[in-house]
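The following note is intended for a colleague who is meeting this structure for the first time. Please read the points in order, with the sequence and the model at hand.

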Amino acid sequence: MDSKKLNVTNEEDEGASTGPLTPPYQTPKGVHDILPNDHKYHTFIKKVVRHRCRQAGFRRITTPIFEFTDVFTRGIGATSDIVSKEMYTFQDRKGRSMTLKPEGTAGVVRSYIQNGMQALPQPVELYYIEPHFRYDRPQKGRYRMFWQFGFECIGESDAALDAQVIQIAYTILKDLGIAELFHLQLNSIGDEVCRPNYINVLRDFYFGKERSLCADCKYRLEKNPLRLLDCKEEDCQILAQIAPKLVDYLCTECKAYDKDVKEFLEEMGIKFHQNNSLVRGLDYYTKTVFEFWDRNEGAQNAIGGGGRYDGLIELMGGAKTPACGFAAGMERIVAAMKREKIRVPEKDDLHVFVAQLGDEAKKKCLPLISDLREAGVRTMGALGKGAIKTQMRLADKFKVPYTLILGLTEVREGTIIIRDMSVGTQVTVPFENAVEEVVKRIGEKNLDTYTPGEVVF
Ligand code: AMP
């Protein structure tokens with residue numbers, strides 16, 4: 001097995017500083033926890049994606065985290081970087097080769113075929129929000145486990161559908177407040193009619209220039225010459241710039257298709273840049289492909305990309321079926337949102353802290369906490385044995401807008417204190433009115449409240 005094609009149980013060279021096998025444990029290199037502060041971004045992104053996909057008639061699909069390795073090698077292409085260097089491949093107990101999914105499309109296409117979705121009205125429009133795994137070199141924005149959302153439109157070929165996929169992606173970026181950071185790059189990479197001829201022309205061009213290429217490109221020249229065009233090495237880029245352009249070798253159909261996609265985008269006011277070296281890293285693409293590039297960092301920090309893949313379903317054992325799709329990286333979106341200081345709803349912040357003193361008070365607090373929560377108030381109870389002063393300090397640390405205080409006097413008198421933490425004032429109200437009074441105050445402060453089954457939009 002290729003040394004880079006690691007068995008997942010064989011990661012001894014990749015531990016964090018203390019090593020993976022001795023406590024305290026750390027995550028493997030390139031793999032991260034999503035901590036609560038980042039989860040609010042992830043939740044918001046998911047809601048936006050769900051909303052925009054539903055609006056456009058897409059339905060959610062979840063494919064397994066691992067599949068038979070062939071699903072990916074066949075679909076993505078054996079010579080692609082993903083398959084040749086980046087897959088987490090392992091054998092199950094019966095010796096069958098399995099792979100953690102490195103991207104979403106191959107699994108969705110496998111499912112489309114397996115579940116007879118070609119019998120449904122076409123196009124079948126599906127979206128997913130899932131983790132993916134690639135043995136990539138970890139760096140800023142590049143991880144070994146990362147989240148992607150994506151959508152696929154399977155079963156019809158029309159440039160309007162490609163334009164619509166791009167438009168949904170663009171709208172999601174706009175909803176998230178980051179569309180202006182990215183620049184839509186477009187290219188046509190031809191199809192089975194015109195691409196083979198172009199690849200021959202490209203090979204001829206590189207003939208005799210092999211020594212100027214990086215090691216990867218020498219391999220690409222033999223196995224996957226199209227990838228020579230998007231190499232990041234400086235010498236390779238210089239050659240790529242003067243290499244024959246695919247756009248000059250497209251067949252009439254691919255040319256017309258590309259023109260139509262662009263016209264539809266113009267019609268919708270979506271700006272794009274014709275990028276002759278955009279080829280995408282996966283073999284299954286045909287015709288028009290696209291990526292959203294960071295305006296400052298270019299391809300290094302692309303937020304997402306996609307295109308048409310008319311040959312994939314047949315390649316995976318289904319009938320000849322056209323399709324197109326898009327996928328975006330959620331960690332990179334979160335980073336872009338933070339860079340832009342985009343605020344997301346603080347749905348996790350507490351509204352109320354309940355402090356109490358004495359056994360009687362604690363008994364009365366438990367149903368009160370439950371009633372507050374039922375009424376949509378995010379409530380934390382200090383149910384330990386700390387003094388009221390300690391509990392109040394805790395309330396301060398949790399930065400709650402209100403604290404309810406139930407001491408011995410209040411229990412005796414059938415009241416409760418509501419303290420406004422931002423101004424430090426407090427009122428005493430009848431205990432039975434506590435929920436109503438808190439809900440009223442939260443409403444007045446315009447703190448968002450939970451409504452069962454809520455959506456953002
Ligand atoms: P791709 O289909 O490979 O172009 O991936 C689509 C998007 O997923 C990229 O534009 C990135 O935003 C994201 N992505 C891909 N690989 C990684 C990775 N290793 N770590 C984080 N995000 C990634």
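**Note on the predicted model**

1. The largest nonpolar core holds 53 residues, of which Tyr206, Leu213, Leu229, Tyr309 and Ile313 touch the most other members. Helix α4, residues 105–114, gives the most to this core, with 5 residues. A second, separate core has 46 residues, including Val48, Leu161, Ile166 and Val344. In soluble globular proteins, nonpolar side chains tend to be buried together.

2. Not counting residues up to four places away in sequence, Ile313 touches Val109, Tyr112, Ile113, Ile154, Gly318, Ala319, Thr321 and Ala323.

3. The chain as a whole may be described next. The secondary structure of the chain comes to 15 helices and 16 strands, and its C-alpha atoms fill a box of roughly 95 × 55 × 45 Å along the principal axes. Of the 457 residues in the chain, 50% are buried. Among contacts with a separation of 6 or more, 70% are between residues 24 or more positions apart. The chain exposes about 23,100 Å², and carbon and sulfur atoms supply 52% of that area.

4. Is helix α4 enclosed or open to the outside? Because 9 of its 10 residues are buried, α4 is largely enclosed by the rest of the structure. The buried residues are Thr105, Ala106, Gly107, Val108, Val109, Arg110, Ser111, Tyr112 and Ile113. They pack against β2 (66–68), α2 (69–76), β5 (124–133), β6 and α10 (312–315). Just after α4, Gly116 takes a positive phi of about 60°.

5. Thr105 is found in helix α4. Thr105 counts as buried because its relative accessibility is 5%, and buried means under 20%. Leaving aside neighbours within four places in sequence, Thr105 is in contact with Tyr128, Glu152, Tyr284, Tyr309 and Leu312. With Tyr284, the side chain of Thr105 makes a side-chain to side-chain polar contact at 3.3 Å.

6. Leu366 is found in helix α12, residues 359–374. Leu366 has a relative accessibility of 48% and therefore counts as partly exposed, a class that lies between 20% and 50%. Between Leu366 and Gly381 there are 8.1 Å in space, C-alpha to C-alpha, and the two are 15 residues apart in sequence.

7. Which residues come nearest to the ligand? Among the 14 residues around the ligand, these are Arg134, Tyr143, Gln148, Arg280 and Ile303. By class, the shell has 5 nonpolar, 4 polar and 5 charged residues. Strands β6 (145–154) and β11 (323–329) each supply at least two residues of this shell.

8. A polar side-chain atom of Arg134 lies 2.8 Å from a ligand oxygen atom. A polar backbone atom of Tyr143 is 2.8 Å from a ligand nitrogen atom, and a polar backbone atom of Ala302 is 3.1 Å from a ligand oxygen atom. On its own the ligand has 470 Å² of accessible area, and the protein covers 91% of it.

9. Strand β6 links two of the points above. Buried residues of α4 pack against β6, and β6 also supplies at least two residues of the shell around the ligand.

Notes:
Residues numbered from 1 in each chain as written. Predicted model: local features only at pLDDT ≥ 70, side-chain atom pairs only at ≥ 80, totals over all residues. Heavy atoms only, no water. Near = heavy atom within 4 Å. Polar contact = N/O pair within 3.5 Å; in protein donor to acceptor, adjacent residues only side chain to side chain. Areas by Shrake-Rupley, 256 points an atom, 1.4 Å probe, with all protein chains shown as cover. Helix = DSSP H or I, 4+ residues; strand = E, 2+ residues; numbered from the N terminus. Nonpolar A, V, L, I, M, F, W, Y, C, P; charged D, E, K, R; others polar. Core = buried A, V, L, I, M, F, W, Y, C linked by side-chain atoms within 4.5 Å. Buried < 20%, exposed > 50% of the residue type's maximum accessible area, 1.4 Å probe, protein only. Contact = heavy atoms within 4.5 Å.
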